[in-house]
Amino acid sequence: MLVASVALALGLYFAPRTPDQSKGSLATEEAVDAKAEKVRQAAAIIENGDRPPMEAITLLREVLEEDPDYVPALLKMGEFSLLSGQFDKARDRFEHAVEVEPGSFPAVAGLAQALLSLGDQEGAAKALQQFIEQHPNHPDLESAREMLNTINGN
């Protein structure tokens, strides 16, 4: 039940979102758009199931070769690792995403899910607690608290 609750919360946070576009040069915007498009394509491949999943992984690997710190690609790779039961890989990918973007609730939620799947309830709770303490005004604060309470059995 605990894992199912956390998985549901993750599903909501990994739902496709429009990428935030910052102002910058046209070349930078095009590069961001190209990376974001590859991530969207990878997600569609997995969601539709009409093409081999490795096509999605290949697209994401291309993005991460170009930019190893591109959080949307790290999140999708982590999500796919969770789906395929590769919890160690998921943990590593979400940890990397948290290092790059500590305020990313999807990264922290994914890390917590990966840790729970690995049987590390204490680590999952610690990751969420740290997020809550470091981001007291975050828009996803209530969701983080709910996940932490679920893990702690409250």
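## Helix α5 and its surroundings

The buried residues of helix α5 pack against α4 (71-83) and α6 (105-117). This description concerns a predicted model. Four residues of α5 are buried: Ala90, Arg93, Phe94 and Ala97. They lie on the same side of α5, because they cover an arc of only 95° around the axis.

The length of α5 can be checked against its residue count. The helix holds 14 residues (residues 87-100), and at 1.5 Å a residue it should span 20 Å; the C-alpha atoms at its ends are 20 Å apart, so the two values agree.

### Overall make-up

The chain contains eight helices and zero strands, and its pattern along the sequence is α-α-α-α-α-α-α-α. Of its 154 residues, 40% are buried. Among contacts between residues at least 6 apart in sequence, 51% join residues at least 24 apart. The accessible surface of the chain is about 8600 Å², and carbon and sulfur atoms account for 52% of that area.

### The nonpolar core

The largest nonpolar core has 41 residues, and the members that touch the most other members are Leu60, Ala73, Phe94, Phe105 and Leu128. At least two residues of this core come from each of α2 (26-48), α3 (53-66), α4, α5, α6, α7 (121-134) and α8 (141-152). Helix α6 gives the largest share, nine residues. Phe94, one of the core residues named above, is also among the buried residues of α5.

| Residue | Relative accessibility | Class |
|---|---|---|
| Serine 104 | 5% | buried |
| Threonine 58 | 39% | partly exposed |

Serine 104 sits in the loop between α5 and α6. The cut-off for a buried residue is under 20% relative accessible area, so serine 104, at 5%, counts as buried. Leaving aside residues up to four places away in sequence, serine 104 touches Val71, Leu75 and Phe131.

Threonine 58 belongs to helix α3. The side chain of threonine 58 reaches the backbone oxygen of methionine 54 at 2.8 Å. Lysine 38 is 20 residues from threonine 58 along the chain, and the C-alpha atoms of the two are separated by 9.7 Å.

Conventions
Residues are numbered from 1 along each chain as its sequence is written. This is a predicted model: local features need pLDDT of at least 70, side-chain atom pairs count only at pLDDT 80 or more; totals for chains, interfaces and linings use all residues. Side-chain values use heavy atoms; hydrogens and water are left out. The expected span of a helix is 1.5 Å times one less than its number of residues. Buried means under 20% relative accessible area, exposed over 50%, partly exposed in between (1.4 Å probe, protein chains only). The arc is that of the directions from the helix axis to the C-beta atoms. Contact means heavy atoms within 4.5 Å. A nonpolar core is a set of buried Ala, Val, Leu, Ile, Met, Phe, Trp, Tyr and Cys residues joined through side-chain atoms within 4.5 Å. A polar contact is a pair of N or O atoms within 3.5 Å; within protein, one must be able to donate a hydrogen and the other to accept it, and residues adjacent in sequence count only if both atoms are side-chain atoms. Accessible areas come from the Shrake-Rupley method with a 1.4 Å probe; for residues, only the protein chains shown count as cover.
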